[in-house]
Amino acid sequence: MQIKIAPSILASDFSQAGETVKRLQAGGADLVHCDVMDGNFVPPITFGHQMVAAIRPHTSLPLDCHLMVLHPETHFEEFKKAGADFVTVHVEACGEKTRENLGKIRALGMKCGAVINPDTPVEALYDLVPISDMLLIMSVFPGWGGQKFIPESLSRIEKLRNFCVKNGFPARDIEVDGGVCEGNVKEIVAAGANVIVAGSAVFRSADLGEAVRKLRGV
Ligand code: DX5
Ligand code: ZN
């Protein structure tokens with residue numbers, strides 16, 4: 001499967017956001033991961049659709065908006081207008097509205113994804129595989145960059161990939177987010193993830209292109 005690298009701008013200098021996404025594109029990134037936090041679903045507040053609109057003119061890369069917010073459905077239209085390509089929502093935030101919310105994202109012409117926290121069983125995603133473009137397994141508890149990868153995430157990714165393969169969705173995008181670095185990306189990909197989010201691993205490097213290439217394993 002094609003490996004896609006999705007640097008998270010959470011770890012970048014927000015005052016340079018336009019420049020940053022240009023550098024990411026020049027460096028060979030595949031997606032730009034935007035971590036939206038509301039101070040409720042997770043304690044910190046980061047940014048909202050205004051940031052997405054601000055970076056949109058500076059890159060043609062798809063913008064992958066990870067909504068760590070309660071009631072995400074109240075923001076879908078704004079993210080669409082801002083130029084988001086992917087919107088992913090947490091099962092823990094949406095509850096029984098998860099299916100409906102994924103449908104709303106698609107109806108607006110964006111790609112949709114369901115996300116689970118490290119303590120939510122992988123089985124919570126099974127019913128959502130057919131109606132999601134992407135499934136996101138958090139490999140840290142959401143809220144902060146720079147945390148350590150939770151090793152149990154590997155077997156969770158593997159379980160989900162096996163489910164997708166056995167049920168007719170072998171090429172479904174499985175994204176992993178949190179604590180990914182050059183040292184563990186190989187086993188993460190071997191477990192079955194193909195969309196790799198990395199914040200600190202990319203932005204602590206002076207050469208973004210080199211960091212992206214290392215994560216891709218080339
Ligand atoms: C965590 C965010 C992640 C974070 C990843 O809540 O969803 O996307 O930015 O950062 P690193 O790669 O530093 O763990
Ligand atoms: Zn994220």
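Predicted model: local features only at pLDDT ≥ 70, side-chain atom pairs only at ≥ 80, totals over all residues.
Leaving aside residues up to four places away in sequence, Leu 160 touches Val 122, Leu 125, Tyr 126, Val 129, Leu 135, Ile 137 and Ile 174. Next, colour the largest nonpolar core, which has 61 residues. Within this core, Leu 160 and Val 87 touch the most other members. Helix H6, residues 153-166, contributes the most to the core, namely five residues. In soluble globular proteins, nonpolar side chains tend to be buried together.

Now select Leu 31, Phe 86, Met 134 and Val 195. They are among the six residues of another core, which lies apart from the largest one.

Proceed to the strands. Eight of them form an open sheet with parallel pairing, in the order S1-S8-S7-S6-S5-S4-S3-S2. S1 and S2 are the edge strands, each pairing on one side only. On average, neighbouring strands of the sheet are turned by 25° against each other, direction ignored. Leu 67 has Val 89 in S4 as its bridge partner.

Finally, select helix H1, residues 17-26. Which of its residues are buried? They are Ala 17, Gly 18, Thr 20, Val 21 and Leu 24. These residues lie on the same side of H1 because they cover an arc of only 160° around the axis. Among the elements covering them are strands S1 (4-7) and S2 (32-37), together with helices H2 (49-55), H8 (200-203) and H9 (208-216). The tour ends at Gly 28, which follows H1 and has a positive phi, near 95°.

Conventions: Residues numbered from 1 in each chain as written. Chains lettered and ligands numbered in written order. Heavy atoms only, no water. Core = buried A, V, L, I, M, F, W, Y, C linked by side-chain atoms within 4.5 Å. Buried < 20%, exposed > 50% of the residue type's maximum accessible area, 1.4 Å probe, protein only. Helix = DSSP H or I, 4+ residues; strand = E, 2+ residues; numbered from the N terminus. Contact = heavy atoms within 4.5 Å. Arc of directions from axis to C-beta. Pairing = 2+ DSSP bridges. Axes fitted to C-alpha atoms, helices over the stretch in contact; angles between N-to-C directions.
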